[in-house]
Amino acid sequence: MGNADYVYPSTNGHQCAHRVAIPPPQPFFKSFKNSLKETFFPDDPLRQFKNKKTSRKFILGLQYFLPILEWGPRYSFQLLKSDLIAGITIASLAIPQGISYAKLANLPPILGLYSSFIPPLIYAMMGSSRDLAVGTVAVASLLTASMLGQEVNAAENPTLYLHLAFTATFFAGLLQASLGLLRLGFIVDFLSHATIVGFMAGAATVVCLQQLKGILGLDHFTNSTDIISVLRSVFTQTHQWRWESGVLGVVFLFFLLITRYFSKRRPKFFWISALAPLASVVLGSLLVYLTHAEKHGVQVIGNLKKGLNPPSFGDFVFTSPYMSTAVKTGMITGIIALAEGIAVGRSFAMFKHYHIDGNKEMVAIGTMNIVGSCFSCYLTTGPFSRSAVNFNAGCKTAMSNVIMAIAVMFTLLFLTPLFHYTPLVVLSAIIIAAMLGLIDYEAAIHLWKVDKFDFVVCMGAYIGVVFASVEVGLVIAVAISILRLLLFVARPRTFVLGNIPNSTIYRNVEQYQNTNNVPGVLILEIDAPIYFANSSYLRERY
């Protein structure tokens, strides 16, 4: 740290002095322009348009926003065979999961099927991931039920609650698309891996506890999500527990877990765990129909409306005090869904050695939610479980989403009456089986071994979600993450460097005892840029 010239040692016995000239100052606007470009456009998205004819620029622009126009003309029958198998496989998982997650969000079960029809078609045209399978997710469904339920009771005013769900989805999509268009995707990176691990595990725990209502056949249940309220609600109604429902729930949960365990041990039989939820729905419906179990305390779905998605753009709620609730719900659920979708897409892209554009993904996910909210869909993204099945089934392109959407469309048009006798306890078992896979205790143990502070962030998110609420857990995790970021900048790690004899290499003097200090010069390695937040700290320390 200083301006003195230093004569560096040379291995050939000679010494040479190097004076580095001070670069000329840059104009303010040029420097400001370069800073903005480095922050928001590091990948230079317009480079492909340079030196191109107007017609070519137009085609490239369409391909940028609609990647299907790029890979579509090269699509072959061989690719279709792979995508057809993958699409049918994920449809068998999407149908029971969609119905289950809609119930978790306190929405009509048919909305789970609606949300597995329109959004996948939009994503297939605009998404850049070949492996992401679009659909509803449990965490976003739980957040929707928790946040909207604070303002409107879904049982007492189902129409207003439904309209608020559409409005929240619209604002979530608007936020997601805006982040992508404005190149602000780095905001999602504030949700660190430790934050997501703890938050997902906490949300999965809460979701599993909420399913005790369906497993035990309870009619009334708390709207709160914290563990104390849930357990109080369960054990104050012991006289209303239904053993028939409990036995069914345990049996189907055991079946789902066994099939998952078998598929993990034998990866080539992945399709067994993928088909298990649909098989559970079919077997449960047959059992109820043949034994008339609905007359003996086993709750069923009831009638599902036939037909495709009805328009809902006239149902948005833009009046106070409900609009503020819809905006807040949309922003929080939108960020969580965005983080999950992009993380899943990047993970599978890494396995197959291709690149996805994060900002383009945000625009695609946001657009499908905006369009979906206009056609009776609630929040969707790319869930890990469904995408993993899509990946293992050998999908080649986003066409697998189209195949899934066609299968769901066929179900909506012809098969919905078959779900009348589906027991709610089976849906609860499906949700619990899916949620147990989100509790990644191995990742938490790894965080403890690698970085104790990250482990604190993880546990802060988990404890906040389980003992307070989903929103509180998320706020705690993000606050701890930002605190760590500020400490990293304000109190950076610093190392004194010394010269290794007979070389021009400099290393940490604490790790390399044989290094030589440079006379009159203190050489530091600082793990952060030097500016006002840490300048005093560095000056006082050295």
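My entries on helix packing and aromatic rings follow.

I am working with a predicted model, so I note that local features need pLDDT of at least 70, side-chain atom pairs count only at pLDDT 80 or more, and totals for chains, interfaces and linings use all residues. Residues are numbered from 1 along each chain as its sequence is written, and side-chain values use heavy atoms, without hydrogens and water.

**Helix pair.** I looked up α12 (residues 243–265) and α13 (residues 270–291). Their axes come within 8 Å and cross at roughly 160 degrees. That makes the two helices roughly antiparallel (angles over 145 degrees). I checked the contacts (heavy atoms within 4.5 Å). On the α12 side I found, among them, L248, F252 and F255; α13 brings residues including F270, I272 and L287. By class, the contact has eleven nonpolar, five polar and one charged residues.

**Aromatic pairs.** I read 20 of them in the structure. Rings of Phe, Tyr and Trp (its six-membered ring) pair if their centres lie within 6.5 Å; planes under 30 degrees apart count as stacked, over 60 as edge-to-face and the rest as tilted.

F28 and F32 are stacked, with centres 5.9 Å apart and planes at 10 degrees. They sit four residues apart in helix α1 (residues 28–40), about one helical turn. F28 is exposed at 59% relative accessibility, and F32 is partly exposed at 44%. For these words I use under 20% relative accessible area for buried, over 50% for exposed and in between for partly exposed (1.4 Å probe, protein chains only).

F348 and F391 are tilted, 5.0 Å centre to centre with 35 degrees between the planes. F348 lies in α14 and F391 in α16, so the pair ties together parts 43 residues apart in sequence. F348 is buried at 5%.

How values were computed. Axes fitted to C-alpha atoms, helices over the stretch in contact; angles between N-to-C directions. Parallel < 35°, antiparallel > 145°, perpendicular 65-115°, else oblique. Nonpolar A, V, L, I, M, F, W, Y, C, P; charged D, E, K, R; others polar.
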